Each structure stands twice: as structure tokens, then as C-alpha cells.
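Thanks for coming. I'll go through one chain today, element by element, and keep it brief.

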Amino acid sequence: MGTIIKLDPVTRLEGHLKIEVEIDGSNKVVNAHSTGNMFRGFEKILVGRDPRDAVHLTQRICGLCPVSHAIASVKAIENAFGFKANNDAIVLRNLIQGSNFLSDHILQFYHLSVLDYVKGPEKSPWVPGYDIDMRLTAAETQAVINNYIKALEIRRKAHEMAAILSGKIPHVMSIVPGGVTKVPLSTDITKFKTYLTDVKAFIDNVYMNDVNLIAEKYSDYYSVGKGVGNLLTFGVFDTDTSGNTLFRRGTYKNGIIGTIDPLKVKEFTKYSWYSDDSGNRNPSDGKTDVMYAKTGAYSYLKAPRYDGEVYELGPLARMIINGEYTGNISVMDRHMARALETKKLAGQMVIWANMMTTSMKPYTQLKLPTSGVGIGLTEAPRGALGHWLNFSSQRTTNYQIITPTCWNASPRDDFGKMGAIEQALIGVTIADITKPIELLRIVHSFDPCTGCSVHVIDSEKNIKSEFVVSTPNPMGVL
Amino acid sequence: MKRAVLGIGNILLHDDGIGIHVINELEKEELVGVDLIDGGTAILDLLDIFINNDYIIIVDSLKGGHEPGTIYKLSAEDMDGYIKGNTSLHDVQILDIVKQAKYLGFCPQVTILGIEPEKIDYEIGLTDRLKNQLPQLIKIVKDELEEKEKCQV
């Protein structure tokens, strides 16, 4: 057995992901394991509740893409009800979800990825980092770090945009089965457009320049981290009421674009800490029975597959399948496609923003049927997201969610095929095994997020009694 | 002085949701001139709270090693001493957002009111022990707000 390198946790991503690779005598990665080590059992909470509760509860799963969960959930419910949201609702939903995409892509580049390529100042939150293979000049570095700070302000504006139309931040309140409950006021429309102008200018002039600069200096990363080579997207941003989307749904395999049949999505659990009976199932009939310490298993993530094959998800998948990106599949192609998608989307949002009026009628009252089955497919910024719902006697009987990181960071499936990130790590040569920056660059390019969980502040040592202001009364009486 | 109470945590995870429950309770009262924010777990998106306010109380579950239900009060600076250096490169924590605001030139005063959780598990609602402490925690939040208001006059 060769040398093992572990990244535990992989830094600069939301949540907790462990990567373990094995290298040969020439420091080339020959084996890889990706481990999601947080159990996600939120779906069980939904069972027995009114199916409409899922819109607000599933948003709470993730702090990064609550909007996409709201959209997937509302689509699953409307699909079960046999309802289609009208054009006014579509425009408002697109603007809310689009704002989240802009904010999240800028976050992914500047705040989660840039430090893999640019040396930050010698102070928190920029240290510690791997300070090797930094190729920008001092002046270029300073410029990018200034933009890192500017990007915080821009993200805040994108966040405001979503808040203007969603009523409450950060969990959106206005997206409900039946449409959108908030009709914009004229001041909302003006404010939204002002923010969008600033955000769009930043994307066009700053973000694009910085991505181009890094892509130029690190052009060798256009041939690093290819991985499986298959791409998949569920499509996102409805453009009409008959199911057409700005980014169309599809697969990409051996250079051929294919269509998607949701019944061909299956999750496998041979290498996951779930019972074997939880595996080999379509999510409409999904099951999540935990079985920690199962022999051979190494992750809390299941292994979702399409038609038995491994697929990579994300902006690169959307852009290639949509014919908007003609490059290849690699670390740098992922960054480039994400930036170009951000630019395209911001441009499209100007058009949608101009469709907003104070006389929109985006909401239709719906009556809850007794029973139903629904699928909600959309995209989170980091890839395809699906919600599957079953209910009877007006109560949810099963709810299953497959997040994009589940696909990308998945462990091996029942056929022994590695997940997308695992495959992308194979073959890369690590220059300095004490600072395996190549691994970070590959993992970050997928924008993984497993942050669907706890946010308790955890102190390193016991807090001194001087900071205690109240102790619980053992009788429970105040 | 612009004041805000920011509750963070996950209501789907038992006691982790305490911050949100506090916000929900405070929303029933007539608090004048105070922004009440349900931050959920969207830590990375809360930057504007620290830019738009001068004084922020963060209510969260806090594992500080005392009995479940114990309430702690610390400033952001006090809290910093209890967190491993540079956690920002790992899970993004709320204190890093306070730092980000500083880089943008905003330095609001931040008080953390934390409560020791009993259970963090997949369930909606608080354990009885924290439910019993909820009125006390709310009282402390209100006392803090009042004190700040007096200081202004």
C-alpha cells in the first residue's frame, strides 16, 4: 500500500467532508475515498406533517441554498397537486433563486476558492493556508485580495435582492404552493434594479477579470481533475408554464446530449452507513435506515447514480448541456463555466427584473388534495437538486431529498464505481505531500457543501464561570 | 443606536434551534427600535446584519462545558478566546462574519448570549430543560436591550 494523505476536514467549505487519497512512489494519486461524516436525517421529520410544511422546513436544511430547497419543495408539491405556477410567479421565483445563484457563485470563487491560488494577508481569516505554488505577482495578489473584500459587499447586495422579493431573510417566506405571495411595490422594483446593476457590473468587470487572470496563470489546471466525464442537470429557471427552462434538463455522455427520465435515478448504499435495504431504490420509494460501522462502508452520503452511471453536476454541466460552454471538463473549466454562467444569469435577470410590475398576480389559492405523489427537480448553485414527496390522508408518508453534493462527493456504488470527486482526484501528482494543494483545488472546483446541519458554537475549552449569567433551576421553576 | 437580536441555529435539530425560538417569542412583543432576525443556519449570508446595526445580541446554543440550560454572556472578543484560531478555514462560524464586517470597516458591538444545549438531534422543538430556561433567556435578552437603550440617553 502506498502513502495515504488525508484532508480532514477539507477546509474552506460549508460543512464537513473528509478526503483520503493513496499515492504511488511518484506522488501520483492512485486511489481516493470521499467521506461525508454527518448524518442527515431531516426527511424523517417531515413524515406525518402537512405536505405543504416541507417548503419552510426543507429550507432549514442548508444555510447556503435555502432558496433552491424552497423551489424544489414547492415544485414537488405543485406537481402532486397537478398545478402549474403562472408566469408572474415564475418571474418572481426566478429573480429570488437567481439572486441566490449570483451570491453563491461569487462566494464560491472569492471566499472559498481564491486562496487556493492567491496568497492572502498574514492574518485571520486568511491563515493558515497552503502557501505553495502561488503564481500571481505581488500587485496582482493585492488586487485580488481587494476584490475578495469588495465581493463581500456585492454578496450582501445580491442577498438584499432576494430579501426584497421574499419577505424575510435568509429563509424565504413568499414562495409557497400556488405561486409567490409577495407582489412587489414600485420601491421594491427600483431597489432591486439598483442592486442588480451594481452586482452585474462587478460580475462583468471584476469577477470575470479575476477568473481570467487565474485561468491564465494556472492554465495547466485545464488538464487536471477531469474525473468521470459524464454530466447531468435537472434544468433550472422556468421560462414558461409548459416546463421549458433557461438551462435545459439533460445528460452529457461521450459527447452526446441525452434526456432525463427521473425513474432512472437510483441511490446505492453498499459503501454507505445505511442498511442494504435503503439502497438500490428510486427516491420516490427511498429509505434512510442508519447502520453506522457497517462493514466496508465509509460515508454517510449515499451513492446516487443515473441509469447506473456516475455523473458530475454543477455549473459546468449546465453550461455544456445548454451549449453555452465549449471547453472541456477540468478544475479550471469548472471555475470558468461558473463565472460565465454568473454573467449570463445576471444578464437574464435584467430582463426578468424589467418584467416586474406592481400589478402582478403571482398567487393562486390551492386546496390540499387527500393524497398525491410529486417530484420537484431544480438546480442549486452547485448542481441538480431533487425532492420526492408522497402523501396520503393529507399527511406526508415519505419525503426524500438528493442534494448535488450527494452526487459529486458520493462514495463508491454497488458496482464499485467511485463518485465524481473521487474519480477527479485519480491521476493528479502532488508536488509536496505535506501541502497537498492540488487536492484542495480539485475538491473546491466542485463547490461541495455538506453544511446541512448543526451550527452550535463549540468552544475549545470550558467557559469560565464569570461568563455564566444563569444556571438552570433543577426544579424547572423560575 | 441601531440594535438587533440575531437568533441562529436549526429548528429541526432540537436544542440547536434555541436562537430561533427566542426570536419567535420576541416577535410577539412590542419591542421598539429593535430588529429581530431569524438567521437560521445561513451564517454566510448574515454579513449585512453586522453592517446595518451598532449593537447586536447573538442568541445561539453554545457548548461551554457546563450543565445543560446554563446561560452564558460573552462579548465577541471574549468568545474568540474560546475558539480555536482560524476556524474560518473550517466550518464558517458566526465570529468570522463579525471579522468580515470589520474588514469592511464596520465594528458593531456584539454580545453573545449562549445556552448550553441538552440534546441536538433530528427533532423539532426544544427539550423540556431548555423550554424551562426560555423565559429566563428572553428576560436576559430584554434586560440587555434596555440597558443599551439607557446608555444612549
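Predicted model: local features only at pLDDT ≥ 70, side-chain atom pairs only at ≥ 80, totals over all residues.

Now to helix α4 of chain A. At its start, a side-chain oxygen of A:N86 comes to within 3.1 Å of the backbone nitrogen of A:D88. The helix itself covers residues 87-113, 27 residues in total. From first C-alpha to last, α4(A) reaches 37 Å, close to the 39 Å expected at 1.5 Å a residue. There is a bend along the way: α4(A) has a kink of about 30°, centred on A:L107.

How many of the 27 residues of α4(A) are buried? The count is 25, so the helix is mostly covered, given that buried means under 20% relative accessible area. As background, an α-helix has 3.6 residues a turn, so residues three or four places apart point the same way.

Next, the strands. Strand β13 of chain A, residues 372-380, has 7 of its 9 residues buried, so the rest of the structure largely encloses it. Its partner is strand β14 of chain A, residues 383-392; the two run antiparallel and are joined by 9 bridges. A hairpin of 2 residues connects β13(A) to β14(A). If you want a pair to look at on screen, A:G372 stands opposite A:F391 in β14(A).

There is also an open sheet of 3 strands in chain A, in the order β6-β9-β10, with antiparallel pairing. Its edge strands are β6 (231-233) and β10 (256-258), each of which pairs on one side only. On average, neighbouring strands of this sheet are turned by 15° against each other, direction ignored. Strand β9(A), residues 250-253, pairs with β10(A) over 3 bridges. A:Y252 has A:I257 in β10(A) as its bridge partner.

Last, the annotation. Which residues does UniProt list for "binding site"? The entry, which is unreviewed, gives A:E43, A:C62, A:I401 and A:H455. I'll take one of them, A:I401, which lies in strand β15 of chain A, residues 395-402. Is A:I401 buried or exposed? Its relative accessible area is 2%, and the cut-off for buried is under 20%, so A:I401 counts as buried.

That's what I have.

Notes. Residues numbered from 1 in each chain as written. Chains lettered and ligands numbered in written order. Heavy atoms only, no water. Helix = DSSP H or I, 4+ residues; strand = E, 2+ residues; numbered from the N terminus. Expected span 1.5 Å × (residues − 1). Bend = angle between axes of the 7 residues up to and from the residue. Buried < 20%, exposed > 50% of the residue type's maximum accessible area, 1.4 Å probe, protein only. Polar contact = N/O pair within 3.5 Å; in protein donor to acceptor, adjacent residues only side chain to side chain. Pairing = 2+ DSSP bridges. Axes fitted to C-alpha atoms, helices over the stretch in contact; angles between N-to-C directions. UniProt positions renumbered as here; feature names shortened; annotations may be inferred.
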